[in-house]
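Reader: I'm new to reading protein structures. Could you walk me through this one in plain words?

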Amino acid sequence: MALGIVSILGLGALAGPADADERDWLIVNRSSLADGAAIYTLGAQHPGDWEGRFGVDIGTTGSGSHGVDTRVWQWGNRPTDVAWYSLALPGPFPNYDWTWDKAWIEGNVIPEENSYRIAARIGRQESFGNLVEASLQLSYALSGSGVGSNAEQTMATAPYLRLNILPTDTALTAQSYVSDTDFIWHSSVEAQQQLIKGMSLVGAVSDIGLDSQNASLRLQLYRRW
């Protein structure tokens with residue numbers, strides 16, 4: 001079993017060979033927070049048709065001195081402590097249009113909040129010549145928090161459609177979200193136009209169909225290096 005390193009304590013990723021996408025990866029990362037604390041991520045990933053990821057995010061508190069991290073580990077005492085997992089399964093009948101390409105089972109557990117999330121997603125991609133690439137996903141999630149009589153659960157679903165217009169370097173995204181807390185569809189439409197390689201303009205409108213007080217408009221110009 002080959003082993004690669006995605007990131008070492010925030011110092012960046014080590015370059016891998018050409019077949020790096022087919023290797024198993026060890027995920028090690030450190031992220032600093034504004035309050036001087038940090039989040040350490042430790043996990044593993046197995047790529048391929050049966051793709052799996054699992055690991056933990058552990059928060060620390062205190063401050064370092066003399067360049068040495070002396071923070072105290074606080075498992076379960078910070079909201080940033082999360083155990084997470086994801087498993088991807090290939091579709092059962094890849095040659096039929098009515099089945100999905102891939103399905104995901106994923107979720108997390110947050111001890112600080114006594115909460116958890118279990119989600120399932122199915123997705124399919126289609127190409128229409130050299131003009132359009134379409135990606136469709138349907139997801140269902142069960143979230144829970146609290147214990148005993150204070151326990152609460154929420155069911156939600158979120159369909160997602162993305163169209164890549166290849167000749168114009170344009171991407172159109174439509175997505176919605178509804179849960180049993182309000183039974184209202186919260187929808188958004190986003191358009192992304194690549195101006196030059198690495199630079200794109202994004203426009204988005206959220207909460208379509210609701211009154212103007214809840215709607216939002218976002219324009220963003222960003223550069224990717």
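This is a predicted model: local features need pLDDT of at least 70, side-chain atom pairs count only at pLDDT 80 or more; totals for chains, interfaces and linings use all residues.

Reader: What percentage of the residues count as buried?

Author: To be buried, a residue needs under 20% relative accessible area. The chain has 225 residues in total. The share of them that counts as buried is 26%.

Reader: Which residues make the nonpolar surface patch, and how big is its area in Å²?

Author: The patch brings together W50, F54, Y85, L87, I105 and I118. One of them, I105, sits in strand β7, which covers residues 102-110. The area of the patch is about 610 Å².

Reader: Is I105 buried, partly exposed or exposed?

Author: Buried stops under 20% and exposed begins over 50%, with partly exposed in between. I105 has a relative accessibility of 40%, so the label is partly exposed.

Reader: Where do D101 and R124 lie, and how many residues apart in sequence are the parts they tie together?

Author: The side chains of D101 and R124 meet in a salt bridge. D101 is in the loop between β6 (82-90) and β7, while R124 is in strand β8, so the pair ties together parts whose separation in sequence is 23 residues.

Reader: Which residue forms a salt bridge with E106?

Author: In this pair, the closest N and O atoms are 2.8 Å apart. E106 lies in strand β7 and its partner in strand β8, so the pair ties together parts 15 residues apart in sequence. Both residues are buried. The partner of E106 is R121.

Reader: Which residue forms a salt bridge with E126, and which residues end up in one network?

Author: E126 is found in strand β8, which spans residues 115-128. Its salt bridge is with R124, where the closest N and O atoms are 2.8 Å apart. Salt bridges that share partners join up into one network, and its members are D101, R124 and E126.

Reader: How far apart are the C-alpha atoms of E126 and L163?

Author: E126 is partly exposed, with 28% relative accessible area. Along the chain, E126 and L163 are 37 residues apart.

Reader: How many bridges join β13 to β14, and which residue stands opposite E190?

Author: Strand β13 covers residues 186-196 and strand β14 covers 199-206, and the two run antiparallel. The number of bridges joining them is 8. Within β14, the residue opposite E190 is A204.

Reader: Which residue in the hairpin of β13 and β14 takes a positive phi?

Author: This hairpin has 2 residues between the strands. A positive phi near 90° turns up there, and the residue that takes it is G198.

Reader: Where does D169 lie, and what is its phi?

Author: D169 is in the loop between β11 (160-165) and β12 (170-179). Its relative accessibility is 43%, so it counts as partly exposed. D169 is not a glycine, yet its phi is positive, at about 55°.

Reader: Is F183 buried or exposed?

Author: You'll find F183 in the loop between β12 and β13. Its phi is near 55°, a positive value in a residue other than glycine. With a relative accessible area of 62%, F183 is exposed.

Conventions:
Residues are numbered from 1 along each chain as its sequence is written. Side-chain values use heavy atoms; hydrogens and water are left out. Buried means under 20% relative accessible area, exposed over 50%, partly exposed in between (1.4 Å probe, protein chains only). Patches are made of residues with over 30% relative accessible area and no salt bridge: like charges are joined within 9 Å, nonpolar side chains (Val, Leu, Ile, Met, Phe, Trp, Tyr) within 5 Å. Accessible areas come from the Shrake-Rupley method with a 1.4 Å probe; for residues, only the protein chains shown count as cover. A salt bridge is a side-chain nitrogen of Lys or Arg within 4 Å of a carboxyl oxygen of Asp or Glu. Helices (H or I, at least four residues) and strands (E, at least two) are DSSP runs, numbered from the N terminus. Two strands pair if DSSP finds at least two bridges between them.
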